[in-house]
Amino acid sequence: MTQSVAFIGLGAMGYRMAAHLPKYFEKVYVWNRNFDKAKQHATEFGTLAVELAEAVQADVIFSCLPTSDDVETLIDGVNIKSGAIWIDCTSGVPEAARRLAEQLKIQNIDFLDAPVSGQTIGAENATLTFMVGGDVSAFERAYPAMAAVGKLIQHVGESGAGFAVKAINNMLLAVNLWSVAEGFSTLKAHGVNLDAALNCINASSGKSMVTETIFPQRVLSREFPVTFALPLLAKDTGIALNLVHEAKLPAPILALTQSLIQAANLTAEPNSDFSSAVKMYEEWTKITLK
Ligand code: NDP
């Protein structure tokens, strides 16, 4: 039975995800590199801000850091409780998940790659989708902790499969974001009212999450609120394209999208939201999507 849970990495996602755990678990430890955030979390949500060495003594340990490199470096520097389950919610690299799962198994620790989807609002409302790779019995034991934060908790295969699904999901988001920018710029060039066009498309076969929420709330509103940083999307499309290369498949659309997102990331203002990628296309066309 789970006695204690820890959450490592209280960023845009982690801060909100960890907030749900005290509703279900008696002892919830939190740790963050900038430790003031952990203290603030403890005050706000009744968690316990502890040193990293203590956090990794929990039965279930969540992490949500920018990259797999960050997680591997952190894990290399700590002694994790034997018998614990590590649930890594980072959008990471499949190869790193396989490596960590093997390395930790020797110490009697289960590692699940369990990236999430649903944005910060999904973290806030505990409606995230977890796509989980790793040992099935560890998945079953970890299920209640993930269910505290998520709505769909899906085992998708062996170690690395969760990270793979997440990378492809975000690549599809990027393809869609870019193609909606091209489509709506074309409509604007033809003098069509974009709000009216959006109404029609959102009741038609061309609709998507991008047309339903991202475009109206971030692009057409010109708000571009920073909840999911563009460098993180660029990292995810990179992971996805590596998977394509490993599979030795042709994927021209994905390759082109990866190049576009990398270029947009290089030219964007620092600290830009992922939706700001469309600003590069606006520069080319001199059409502002509003
Ligand atoms: P943020 O940049 O908001 O937060 C990153 C967190 O990781 C912070 O707590 C930061 O600590 C910590 N951190 C960064 N580097 C290190 C390190 N080397 N060692 C220890 N801690 C470190 O990122 P998000 O919360 O947005 O994203 C986290 C992960 O979740 C990423 O992999 C992202 O791709 C994924 N994701 C993000 C979504 C979103 O909408 N934002 C949606 C779904 C997945 P500090 O406060 O000290 O800087």
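Q: Which residue forms a salt bridge with Lys235?
A: In this predicted model, the closest N and O atoms of the pair that Lys235 belongs to are 3.2 Å apart. Both members of this pair are buried, and the partner of Lys235 in the salt bridge is Asp236.

Q: How many salt bridges does a search of the whole structure find?
A: The bridge between Lys235 and Asp236 can be set beside the one in which the side chains of Asp110 and Lys105 meet. For the whole structure, the search finds a total of 11 salt bridges.

Q: Why are Glu95 and Arg98 separated by about one helical turn?
A: Glu95 and Arg98 form a salt bridge whose closest N and O atoms are 3.2 Å apart. Glu95 is partly exposed, with a relative accessible area of 40%, and Arg98 likewise counts as partly exposed, at 33% relative accessibility. The two are separated by about one helical turn because they lie three residues apart in helix α5 (residues 94-105).

Q: Which helix supplies the largest share of the lining of the largest pocket?
A: The largest pocket holds about 1200 Å³ of space and is lined by 45 residues, with Met13, Cys64, Leu65, Pro66 and Leu232 lying nearest its centre. Among the elements that each supply at least two residues of this lining are α4 (68-76), α8 (161-189) and α11 (230-246). The largest share, six residues, comes from α8.

Q: How many residues of the lining of the largest pocket are charged?
A: The lining of the largest pocket includes 21 nonpolar residues and 18 polar ones. The charged residues of this lining number six.

Q: Which element gives the most to the lining of the second largest pocket?
A: The second largest pocket has a volume of about 200 Å³, and its 13 lining residues include Gly118, Gln119, Ile121, Gln217 and Arg218, which lie nearest its centre. Two or more residues of this lining come from each of α6 and α10. With five residues, the element that gives the most is α10.

Definitions and conventions. Residues numbered from 1 in each chain as written. Predicted model: local features only at pLDDT ≥ 70, side-chain atom pairs only at ≥ 80, totals over all residues. Heavy atoms only, no water. 1 Å grid on protein atoms, 1.4 Å probe; cavity = no way out; pocket = protein on both sides within 12 Å on 5 of 7 lines; lining within 4 Å. Points joined across faces, edges and corners; volume = space filled by probe spheres on them. Helix = DSSP H or I, 4+ residues; strand = E, 2+ residues; numbered from the N terminus. Nonpolar A, V, L, I, M, F, W, Y, C, P; charged D, E, K, R; others polar. Salt bridge = Lys/Arg side-chain N within 4 Å of Asp/Glu carboxyl O. Buried < 20%, exposed > 50% of the residue type's maximum accessible area, 1.4 Å probe, protein only.
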